[in-house]
Amino acid sequence: MVKFSGNDVTGGNFPQLTINGRMRCSYMMFNCEGGESDGNFKSLNVGLHVGDDAQAVLANRDIVKRRVGVSYLLSALQVHGSDIYVQKEPLTGDTEVQNYDALITNQGGVALMTQHADCQAVLLYDSVACVIASVHNGWKGSVQNILGKVVGQMVREFSSEPAHIQAVISPSLGPCCAEFIHHQKELPPEFLQFQVKENYFDFWQISVKQLMDKGLLQENIILSGQCTVCSDEYFSYRKAVRCTGGVTGRNGSVIVLRDI
Ligand SMILES: [Zn+2]
């Protein structure tokens, strides 16, 4: 992972070009800096449905588009479910689909944005099948194994080969802060192997395991390893619960196939 100048975005190009050599895949994971929102949303909040001023959010999304170098974003009004939206045509405008938590496309120039504050954005790229995905993966996503479902859909619909898929797991809730005092009710027993101390779980490694169970290779999985609760650079829902009654912005993470 590369930290760009200004330290407000992490990302880079995946090394492999697509199989026809005409496209490369880039990703950018933005933190909370460099935007136009104020107050609890200061400043690069990309979430339209968290109580922020819509004009400021749209201005922030314009900043994201300029930085990524795309005309439009495809995003979702996420609901901590496991439904997957597949975009098979170019975008003709910014599009936010309702009630999905994962986005897949094989279209160049279609930037997939996940909005998150402690949840993981998991970005997937298969350079051979020429397909990408962006997944909103909170603890409820982990319980539903949305990552496994997305990889399965890439295989079924785009003939993706899991061993060809590269993954990046964004800054998100770390094992240092992932306390689940009701884990016996909320989490399945197989997550107990990822309990790092009483009531604390390593959801980063749960995601790595779920991806590897579907056939991804460990060396193809990049883990940011940065905890959004511990860092002041990221919007964090858990931090906001302590400080502002849970009112906070959303970080944007984007992946795109683009012509070279
Ligand atoms: Zn932490």
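Start by colouring the charged side chains of this predicted model: there are 21 positive and 26 negative ones. The centres of the two sets lie 1 Å apart.

Next, show the surface. The protein exposes about 11,100 Å², and 47% of that area comes from carbon and sulfur atoms.

Now switch to the cartoon view. You can look for 6 helices and 15 strands. The radius of gyration is 17 Å, close to the 18 Å that the globule rule gives for 260 residues, so the protein is as compact as a globular protein of that length. Along the principal axes, the C-alpha atoms fill a box of roughly 50 × 40 × 35 Å.

What share of the 260 residues is buried? Buried residues make up 56% of them.

Time to zoom in. Select residues 146–158, which form helix α3. Its 13 residues should span 18 Å at 1.5 Å a residue, and the end C-alpha atoms are 17 Å apart, which agrees.

Which residues of α3 are buried? Highlight Ile 146, Leu 147 and Gly 148, then Val 150, Val 151, Gly 152, Gln 153 and Met 154, and finally Phe 158. As you look down the helix, keep this in mind: an α-helix has 3.6 residues a turn, so residues three or four places apart point the same way.

Conventions. Residues are numbered from 1 along each chain as its sequence is written. This is a predicted model: local features need pLDDT of at least 70, side-chain atom pairs count only at pLDDT 80 or more; totals for chains, interfaces and linings use all residues. Side-chain values use heavy atoms; hydrogens and water are left out. Helices (H or I, at least four residues) and strands (E, at least two) are DSSP runs, numbered from the N terminus. The radius of gyration is taken over C-alpha atoms; the globule rule is 2.2 Å times the number of residues to the power 0.38. Buried means under 20% relative accessible area, exposed over 50%, partly exposed in between (1.4 Å probe, protein chains only). Accessible areas come from the Shrake-Rupley method with a 1.4 Å probe; for residues, only the protein chains shown count as cover. Lys and Arg count as positive and Asp and Glu as negative; His and the chain ends are not counted. The place of a charge is taken as NZ of Lys, CZ of Arg, CG of Asp or CD of Glu. The expected span of a helix is 1.5 Å times one less than its number of residues.
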